[in-house]
Amino acid sequence: MNFDFSDDQKQLRDQARKFLAEKCSPKAVRIVLDGKAPYAKELWKGLAEMGFLGVAIPEEFGGAGAGHLELCVIAEEMGRANAPVPFSSTVYLAAEALLIAGSEAQKKKWLPAIASGEAIGTLALFEGKGNPAPKNVKLTAANGALNGVKKPVADGAIADFAVVAARTGSSGREADISLFLVDLKAGGVEVKSLTNLDPTRGQAEISFKDCKADPLGAAGEGWSILTQVLDRAAVLCAFEQVGGSDRALEMGRDYALDRIAFGRQIGSFQAVKHMLADMYVSATLARSNSYYGAWALSTNAAELPEAAAAARISATQAFQHCAKNNIQVHGGMGFTWEFDCHMYYRRANAMALGLGSLSYWEDQLIDRMRKKNAA
Amino acid sequence: MNFDDTPQEAEFRATARAWIGANAPKQYEDELRKSSLGRTALKNADILAVAKAWQKKKADAGWACLHWPKEYGGRGSSPIERVIWSQEEGPFGQLSRMFIIGHGMCGPTMMAFAREEHKRTYLPPLASGEKVWCQLFSEPAGGSDVAGLRTRAEKDGDDWVINGQKIWTSGAHYSDYGILLTRTDPTVPKHKGLTMFFLDMKSPGVEVRPIKQASGASDFNEVYFTNVRIPDHQRLGEVGDGWNVSLTTLMNERSAIGAAVSTGFPELFEYCSSLMLDDGPAIEDRAVRSKLANWAVKASGLKYTSMRAISALSKGERPGPENSIGKLVAGSMIQDVATYALDLQGANGAVSGEDGELAGRFQAMLLRAPGTRVEGGTDEIMRNIIAERVLGLPGDIRVDKDVPFNKIPTKGRG
């Protein structure tokens with residue numbers, strides 16, 4: 001049994017960690033947090049040069065052609081560094097959708113541009129409150145033109161193109177949904193930035209008015225493709241969440257070692273120690289579930305739907321738990337803008353919702369476990 | 001990343017599987033498979049006798065105590081082979097429970113500290129299950145604080161004379177031997193005045209009294225020592241070095257890798273999959289699904305944490321500290337799972353035993369569960385261990401560390 005990343009993959013993780021420690025310090029994150037830039041452009045360029053953006057994109061489409069295990073270790077480091085770049089929307093959502101359902105021409109057009117950092121992509125799925133469900137897709141597609149409003153769209157204000165979920169039927173079934181590729185720089189699109197919990201990753205509202213769109217995948221296959229994309233993104237996001245959990249735990253641990261109160265290190269109080277021990281427990285469970293997700297993702301195993309849901313739930317819980325208790329360990333200082341704790345708290349809570357909320361994934365997990373047991 | 005055996009591992013697995021298939025007591029398989037926390041007895045057989053017979057059979061064929069050296073009754077296997085064996089042994093592994101303390105703790109301690117002739121005499125029958133061992137550490141005054149124990153050992157000629165009381169001794173009522181931690185010098189600080197021995201549990205002056213647990217069952221005992229004589233050659237380690245010797249024992253207790261920890265989740269999922277509530281199937285109830293999902297990811301998290309440790313063993317590496325979370329997570333989880341299963345049964349959840357739902361499976365689990373959060377290190381001790389050894393946080397401030405043992409207060413009030 002070798003349920004672990006290879007030495008090469010671990011080396012890649014170290015390389016990514018070193019790169020991000022240098023180029024993505026908390027100070028750099030704050031430039032975006034404070035609204036001085038929509039995202040870290042130089043960092044994005046650097047990630048492209050390092051080959052990280054296209055690590056799982058095949059060589060024929062301008063990527064490194066490494067694989068999804070390699071992408072997982074990079075994702076972990078992106079989460080650890082709280083990187084203020086559109087990595088998840090471009091790489092986990094847009095690129096994965098193209099890899100699953102894109103035509104040769106679509107792949108040729110967009111994948112090399114993603115790998116080189118020239119194109120930012122995203123998925124436009126949600127229309128106001130609610131979780132992923134065919135009935136929540138109201139935006140229509142007719143005669144190659146989209147009409148409707150998507151919100152929130154992650155990184156929508158900086159994206160060059162979007163994969164858009166649209167209604168092409170009214171039978172009340174999943175087959176009513178189809179996917180389209182939209183060049184957001186062309187006409188018929190209006191983009192508005194939204195304030196959101198985590199300003200280091202923007203959210204937008206995108207209105208489509210008779211907007212020209214290119215079908216992605218077969219008509220009526222949209223929901224089935226989306227489900228696969230969300231599962232794959234769930235595993236990759238879980239690695240970001242695992243990286244963020246570890247970082248939040250480390251920050252709390254370090255503060256508990258440095259801070260003196262009542263004449264002793266606060267980390268010598270059992271109330272604080274036990275809180276940190278529980279954070280370690282959550283982070284460890286999340287990491288192990290995510291490893292299983294990584295295995296399923298990289299081998300395209302039949303277990304992927306169940307593994308992805310478990311990784312998603314476990315990693316979401318861990319990141320939220322570690323981020324909030326990191327603030328608690330820091331006490332009052334943790335609640336200041338000046339300390340970095342709130343950046344992880346913001347990211348953890350925004351990430352908990354981005355692919356659908358916890359209750360949605362809990363439901364998915366139970367459905368999938370039942371399906372497996374019935375089989 | 002893969003879950004495949006190496007060719008050597010696959011070969012070992014095939015050999016083990018074939019032998020188990022041909023030799024295991026299959027007539028009990030179903031019952032053992034359905035056993036859960038708080039309910040492992042066999043209906044029509046004495047589980048102790050069945051367990052001993054299975055252990056002897058394994059020993060005769062070279063399948064007992066795989067990780068022990070051959071000369072002491074083991075197989076000299078690698079850690080990963082031990083894991084593969086326990087995977088293959090499956091439900092029959094339940095029969096090894098009564099030997100866990102002896103094989104996992106007493107044996108390794110004997111191996112590290114006993115004289116060679118004693119090792120050759122005592123270890124093989126321990127491996128084969130012919131002799132059962134227990135561990136006599138905890139006392140009324142020393143549970144989590146084991147070093148606070150008060151049982152005295154005083155030198156008299158070539159013997160030591162033991163007086164005092166132990167408690168929570170698993171299996172003392174059917175044990176032949178035990179390892180015993182005593183205080184030999186109360187005038188020095190508590191960790192420095194301890195000495196370890198092994199003894200014959202049939203020695204004059206040893207009295208075993210079963211404890212009736214909160215669950216009503218009796219798995220543990222109190223053991224009283226009245227002028228019990230132990231020859232000096234049965235001392236393990238130096239006089240006054242008992243604390244270090246006991247650390248060897250306890251480290252083995254907490255390092256059982258790949259041992260499946262019971263979470264109660266598979267039982268609950270199975271139960272909810274067929275259970276009808278007032279307004280429909282439980283598995284379609286939103287609240288039930290949310291609870292199940294939360295426990296499912298804990299159970300799978302533990303499973304894959306253990307697989308990561310096994311992978312390290314497979315590569316010949318030392319597993320990381322991740323495995324230390326197992327008991328902490330599983331202990332409180334099984335208690336919550338049992339509580340919830342009863343909640344789903346409504347008023348009838350209070351009916352236990354054969355009269356209860358599923359013959360009282362979850363009721364038995366509920367009543368046994370508090371013990372899992374205490375035995376082998378309480379939840380609080382486990383959190384201290386994670387905080388100190390994994391996260392590197394400071395140890396507790398120990399007010400009794402440098403105080404002579406006989407000057408430490410013994411009462412909290414009055």
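Because 24 of the 29 residues of helix α9 of chain B are buried, this helix is largely enclosed by the rest of the structure; a residue is buried if 20 or more other C-beta atoms lie within 10 Å of its own, exposed if 12 or fewer, and partly exposed in between, with C-beta atoms placed from the backbone. The structure is a predicted model, in which local features need pLDDT of at least 70 and side-chain atom pairs count only at pLDDT 80 or more, while totals for chains, interfaces and linings use all residues. Residues are numbered from 1 along each chain as its sequence is written, and chains are lettered from A and ligands numbered from 1 in the order in which they are written. Helices (H or I, at least four residues) and strands (E, at least two) are DSSP runs, numbered from the N terminus.

**Helix α9 of chain B**

- Helix α9(B) covers residues 286–314; at 1.5 Å a residue its 29 residues should span 42 Å, and its end C-alpha atoms are 41 Å apart, which agrees. The expected span is 1.5 Å times one less than the number of residues.
- Just after α9(B), B:Gly316 adopts a positive phi of about 80°.

**Overall form of the chains**

- Chain A contains 11 helices and 10 strands, whereas chain B contains 12 helices and 10 strands.
- The radius of gyration of chain B is 23 Å, close to the 22 Å that the globule rule gives for 414 residues, so chain B is as compact as a globular protein of that length. The radius is taken over C-alpha atoms, and the rule is 2.2 Å times the number of residues to the power 0.38.
- For the 375 residues of chain A, a compact globule would have a radius of gyration near 21 Å; the value for chain A is 20 Å, which agrees.
- Along the principal axes, the C-alpha atoms of chain A fill a box of roughly 75 × 50 × 40 Å, and the C-alpha trace of chain B spans about 75 × 60 × 45 Å.
- Buried residues make up 56% of the 375 residues in chain A and 43% of the 414 residues of chain B.
- Among contacts with a separation of 6 or more, residues 24 or more positions apart account for 74% in chain A and 70% in chain B. Two residues are in contact if their C-beta atoms, placed from the backbone, lie within 7 Å.

**Nonpolar core**

- The largest nonpolar core has 238 residues, of which A:Ala97, A:Val163, A:Val164 and A:Leu276 touch the most other members. Such a core is a set of buried Ala, Val, Leu, Ile, Met, Phe, Trp, Tyr and Cys residues joined through C-beta atoms within 7 Å.
- Helix α7 (residues 222–258) of chain A gives the most to this core, with 18 residues.

**Interface between chains A and B**

- Contacts link 40 residues of chain A with 37 residues of chain B.
- On the side of chain A that touches chain B, two or more residues come from each of α7, β10 (264–265), α8 (270–299), α9 (304–330) and α11 (358–374) of chain A.
- The most comes from α8(A), with 16 residues.
- By class, this side of chain A has 20 nonpolar, 13 polar and 7 charged residues. Ala, Val, Leu, Ile, Met, Phe, Trp, Tyr, Cys and Pro count as nonpolar, Asp, Glu, Lys and Arg as charged, and the others, Gly among them, as polar.

**Local backbone features of chain A**

- The peptide bond from A:Lys151 to A:Pro152 is cis, with omega near 0°, and A:Pro152 lies in strand β3 (residues 145–154).
- A:Asp155, in the loop between β3 and β4 (161–167), has a positive phi of about 60° although it is not a glycine. With 25 C-beta neighbours inside 10 Å, A:Asp155 counts as buried.
- A:Asn300, in the loop between α8 and α9, likewise is not a glycine and has a positive phi of about 50°. A:Asn300 is exposed, with 11 other C-beta atoms within 10 Å.

**Hairpin in chain B**

- Strands β2 (residues 152–156) and β3 (residues 159–170) of chain B run antiparallel and are joined by 5 bridges; two strands pair if DSSP finds at least two bridges between them.
- The bridge partner of B:Lys155 in β3(B) is B:Trp160.
- The hairpin has 2 residues between its strands, and B:Gly157 in the turn has a positive phi of about 65°.
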